[in-house]
Amino acid sequence: MTSDVLTAAQCGIDTTDLRVDGDRLWQSLMDLAVIGATPKGGVCRLTLTDLDRQGRDLVVGWGNAAGLSVDVDQIGNVFMRRAGRNNALPPIVAGSHIDTQPTGGKFDGNFGVLAALEVIRTLNDSGIETEAPVEMVFWTNEEGSRFVPVMMGSGVFAGVFSLEHAYAAVDIDGKTVKDELTKIGYAGPQTPGDRPIGAYFEAHIEQGPILEDEDVTIGVVQAVLGIRWYDCVVTGQESHAGPTPMALRKDALQVSTRIMQEVVAIAGRFAPHGRGTVGMVQVHPNSRNVVPGSVKFSVDFRNINDALVDEMDAALKAFISQLAQETGLGIELTQVSHYPAAPFHPECKDAVRNAAQRLGYSHRDIVSGAGHDAVYMSMLAPTGMIFIPCKDGISHNEIEYAAPEHVTAGANVLLHAMLEKAGVVGRR
């Protein structure tokens, strides 16, 4: 949005006391969670399944009831619009996703979609007219638990990968995205990306422990960390664990553990946002009385900008080169994936921070270590994210939980941040 959009105060309209209906928002979350509910209290609603169709139908029905126009694009992204006074302006958009992990929870993604719906319901209840249109969206296959790539719908929308590439993706049963999207009735006519966005906001549970640990209600997300994934293979020689003296061994596992420790040490040297993780290890021959001959393991590096990830990459490669010379073992490091860091727009971050301050919520700047659809949206339009706490930092788990008061607070911040960007011009 341009800076000439009038604020509510400039129009003589007091929106200071405007709040969402927290009970209605909570009930919507619980109603959506019934679709795909699991015995342990979570949700299994995999993308492009019949349960996904039921969830989509429910949310679209709520949008229709709120008087929104509905558009679906060819990858199944669903946009629902509330008109503004000047519909030639690009809309202010908020949303997330409603597909879940196989053992997912009620809040990941779903909160962002239904918070956007609650913002629109609140504007309707109060008769607020915005200068720019306001839209809510839910994106297809953010989770990537059935089809890859992850963040598929927003990625196709942003042109990161082609519609044909997404359509050709198959699940473990050999079913394609194109066929399954058609089967559930959400292969829409609109070309992905063929619609403007003035600004994009995404409200989300933190999926980490920081906000809860510090008793802070709102996280003003600065960026999504850049991610680099590697496979590392160390090749030594198998030998009998008894007869082979320690000094004569070519133990691939012992050399691997030195690299693993260095991964963590590098992350520590690139604090506060450095992350270093070894999450998968395969040992060959994996026998109790055999010195390991080869080890393959994963490396996950993350940081707030790509330059810092580059430095972490260089540090690891230098360490591996020195270690290979010292030990004589073969060490191969292969990068398998790279997701660039996504810094969010200063004006959108300010809108979130301003809203939290006006509403009296405790808040702090924070980064996201996980990917979100907002990553791809930040390539197209000014983008911001709002985090709320989740219990014990647990997500992608059936026990995932966000307190009702935090859900309401996040939606209130979303409401006021969107109004700051859309402009308030009157009452209907």
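Serine 337 is buried, with a relative accessible area of 17% (buried is under 20%, exposed over 50% and partly exposed in between, for a 1.4 Å probe and protein chains only). The model is predicted: local features need pLDDT of at least 70, side-chain atom pairs count only at pLDDT 80 or more, and totals for chains, interfaces and linings use all residues. Residues are numbered from 1 along each chain as its sequence is written, and side-chain values use heavy atoms, with hydrogens and water left out.

Serine 337 sits in strand 14 (residues 330–339). Strands (E, at least two residues) and helices (H or I, at least four) are DSSP runs numbered from the N terminus. Leaving aside residues up to four places away in sequence, serine 337 touches Ile227, Arg228 and Trp229; contact means heavy atoms within 4.5 Å.

The largest pocket holds about 710 Å³ of space. A pocket is an open set of points on a 1 Å grid over the protein atoms alone, with protein on both sides within 12 Å along at least five of seven lines. Its volume is the space filled by probe spheres set on the points, which are joined across faces, edges and corners. The lining of the largest pocket has 31 residues, and Gln207, Arg302, Gly369, Ala370 and Gly371 lie nearest the centre. A lining residue has an atom within 4 Å of a point. Strand 8 (226–235) and strand 16 (363–368) are the elements that give two or more residues to this lining. By class, the lining comprises 14 nonpolar, 11 polar and 6 charged residues. Asp, Glu, Lys and Arg count as charged; Ala, Val, Leu, Ile, Met, Phe, Trp, Tyr, Cys and Pro as nonpolar; the others, Gly among them, as polar. Domain 1 (22–225 + 341–427) and domain 2 (226–339) each supply at least three residues to the lining. Domain bounds come from an automatic or database assignment.

Two cis peptide bonds are described next. One runs from valine 148 to proline 149, with omega near 15 degrees. Proline 149 lies in the loop between strand 5 (134–139) and helix 4 (152–157). Another joins histidine 284 and proline 285, with omega about 5 degrees. Proline 285 occupies the loop between strand 11 (281–284) and strand 12 (290–291).

Asparagine 141 has a phi of about 50 degrees. This residue lies in the loop between strand 5 and helix 4 and is buried, at 1% relative accessible area. Histidine 396 has a phi near 55 degrees. Histidine 396 belongs to the loop between strand 17 (383–388) and helix 12 (404–422). At 38% relative accessibility, histidine 396 is partly exposed.

Conventions: On a 1 Å grid over the protein atoms alone, a cavity is a set of points where a 1.4 Å probe fits but cannot get out, and a pocket is an open set with protein on both sides within 12 Å along at least five of seven lines; lining residues have an atom within 4 Å of a point.
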